[in-house]
Amino acid sequence: MDARVKPAQDARFGVMRAMSQGIGNGGCLCGAIRFQADGAPTWVAHCHCGTCRRATGAPVTTYAGFPRDRVRFVKGTPRTFASSPGVTRSFCGGCGTPLAYASERWPDEIHLFVVSFDDATALRPQAHVNMAEQMPWLTIHDDLPRYATFPNSA
Ligand SMILES: [Zn+2]
Ligand SMILES: [Zn+2]
């Protein structure tokens, strides 16, 4: 395992400072589903877990976590799939674009995919999580903190 991987007991992600303003709009590839997220996300992170990989068809997935009451689907209704017990993944039934992740582990949060936002450039990732499951051929050179699983959800 990468020597930079930090144990899961570390403090949670730092405070999101990059995006303290504005409304985030986004949606799926075909345009049938649109969402609106109000205000800044609680955190932004790259996930390297195998389930996200299967669900998205990509070696790494980048999420923005929001309080559930600040995210609304304003056009269309996503379909849902329980990818693990207590986990609901939402996607567009028309084009298949993954749209959201929700887990009983974080009942007050909804995780949106950063690159589904119309302007994803302001949503800068703060960390890598689930590094223990990283694809060995994927090398990302950045200075972000890396966690074997997750930082503490305090
Ligand atoms: Zn769609
Ligand atoms: Zn994941």
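A residue is called buried if 20 or more other C-beta atoms lie within 10 Å of its own, exposed if 12 or fewer, and partly exposed in between, with C-beta atoms placed from the backbone. This is a predicted model: local features need pLDDT of at least 70, side-chain atom pairs count only at pLDDT 80 or more, and totals for chains, interfaces and linings use all residues. Residues are numbered from 1 along each chain as its sequence is written, while chains are lettered from A and ligands numbered from 1 in the order in which they are written.

Start with the whole protein. It has 1 helix and 12 strands (DSSP runs, numbered from the N terminus: H or I of at least four residues for helices, E of at least two for strands). From the N terminus, their order is β-β-β-β-α-β-β-β-β-β-β-β-β. Of the 154 residues, 32% are buried.

Next, select Asp-118, in the loop between strand S10 (109-113) and strand S11 (127-129). Asp-118 counts as exposed because it has 9 C-beta neighbours inside 10 Å.

Then select Ala-45, Tyr-63, Ala-64 and Leu-112, which touch the most other members of the 26-residue largest nonpolar core (a set of buried Ala, Val, Leu, Ile, Met, Phe, Trp, Tyr and Cys residues joined through C-beta atoms within 7 Å). S4 gives this core its largest share, 4 residues.

Finish at Tyr-63. Leaving aside neighbours within four places in sequence, its contacts (C-beta atoms, placed from the backbone, within 7 Å) include Ala-45, Tyr-101 and Leu-112.

Methods: Contact = placed C-beta atoms within 7 Å.
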